[in-house]
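This report describes the fold, the surface and selected side-chain features of one protein chain. Please consult the sequence and the coordinates alongside the text.

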Amino acid sequence: MRFSTIVSGSSGNCTYVGLCGQHLLVDAGLSGKRIQHGLNQLDIPKPTAILITHEHSDHIAGAGIMARRLDIPIYATPLTWRFFLRHKKLGPLKEEQVKHIIPGQPTMIGNAKVTAFDVPHDAIQPVGYIFEEDSKKIALTTDLGKPTDIVLEYLQKANILLIESNHDVEMVEKGKYHRDLKDRVLSSRGHLSNAACGQLITEVAWEGLKHVILGHLSEENNTPMLAFDTVDRILDAHNIKVNLTVADRYYVGEMIQI
């Protein structure tokens, strides 16, 4: 299994997961040119499919373009697809490119086992994803207001975890956002703070969790150093040892293999 972030941040998100001979993109929230450049850097051939977490522009901006250019399918939840089709968000697609994925039901993409799971976020039907091959597991959730029981269940026994560490609460409160937007970010359907991210990791950590990547950092209300230091201190206080890194909003991340 292979994993790399192409970019991750409040301005755009795209992640590569390779397993069972399949090359999967989770989200495509930047231009098709930048996505292709990232794939070239990773020496990845044509992706097999794009999996969408939710309909916000920082997750879908290049999805339709990439699907048409490469003639590959897009997987999304039924309600997310209803939104896409009603509002013509992705542009024209062939019928066979429209693939539904049901939260809680494993889906096979080729030989790759993928399962979407519900997350609390202010979107139509937002999900995270897990990818499983033999006894190995990659888990990904980048937009969630709080860790529900469902989220905690699906993140258990992950070997690689990409998790949102969106903001520092004090920076949000002292920042320039208007009150409504601050309340949205801080709500149970908003985004996960650095401290909440660290606490969540302590609840799912186990001896097989080797890599944790902090993603979807806010450009206004966080910094990579602050996110890393906050989470690292929490993990250290619980004597949890993992390879902790922060995904970059502009540059392709390290290719991790398990």
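## Basis of the model

The model is predicted, with local features requiring pLDDT of at least 70 and side-chain atom pairs counting only at pLDDT 80 or more, whereas totals for chains, interfaces and linings use all residues. Residues are numbered from 1 along each chain as its sequence is written, and side-chain values use heavy atoms, leaving out hydrogens and water.

## Overall form

The chain contains nine helices and 14 strands; these are DSSP runs numbered from the N terminus, helices being H or I of at least four residues and strands E of at least two. The C-alpha trace spans about 50 × 45 × 35 Å along its principal axes.

Of the 258 residues, 54% are buried (under 20% relative accessible area; exposed is over 50% and partly exposed in between, with a 1.4 Å probe and protein chains only). Among contacts (heavy atoms within 4.5 Å) between residues at least 6 apart in sequence, 65% join residues at least 24 apart.

## Aromatic pairs

There are four aromatic pairs in the chain. Rings of Phe, Tyr and Trp (its six-membered ring) pair if their centres lie within 6.5 Å; planes under 30 degrees apart are stacked, over 60 edge-to-face and the rest tilted. Trp-81 and Phe-84 form an edge-to-face pair, at 5.5 Å centre to centre and 90 degrees between the planes. Both residues lie in helix α4 (residues 78–87), where being three residues apart separates them by about one helical turn. Trp-81 and Phe-84 are both buried.

Phe-117 and Tyr-154 form a stacked pair, with 5.1 Å between centres and 5 degrees between planes. Phe-117 belongs to strand β8 (residues 112–118) and Tyr-154 to helix α5 (residues 149–155), so this pair ties together parts 37 residues apart in sequence. Phe-117 and Tyr-154 are likewise buried. Ring pairs also link Trp-81, Phe-83 and Phe-84 into a cluster.

## Positive phi angles

Asp-27 is not a glycine, yet has a positive phi of about 70 degrees. Asp-27 sits in the loop between β3 (22–26) and α1 (32–41) and is buried, at 2% relative accessibility.

Lys-157, also not a glycine, has a positive phi of about 65 degrees. Lys-157 lies in the loop between α5 and β11 (160–164) and is partly exposed, with a relative accessible area of 48%.
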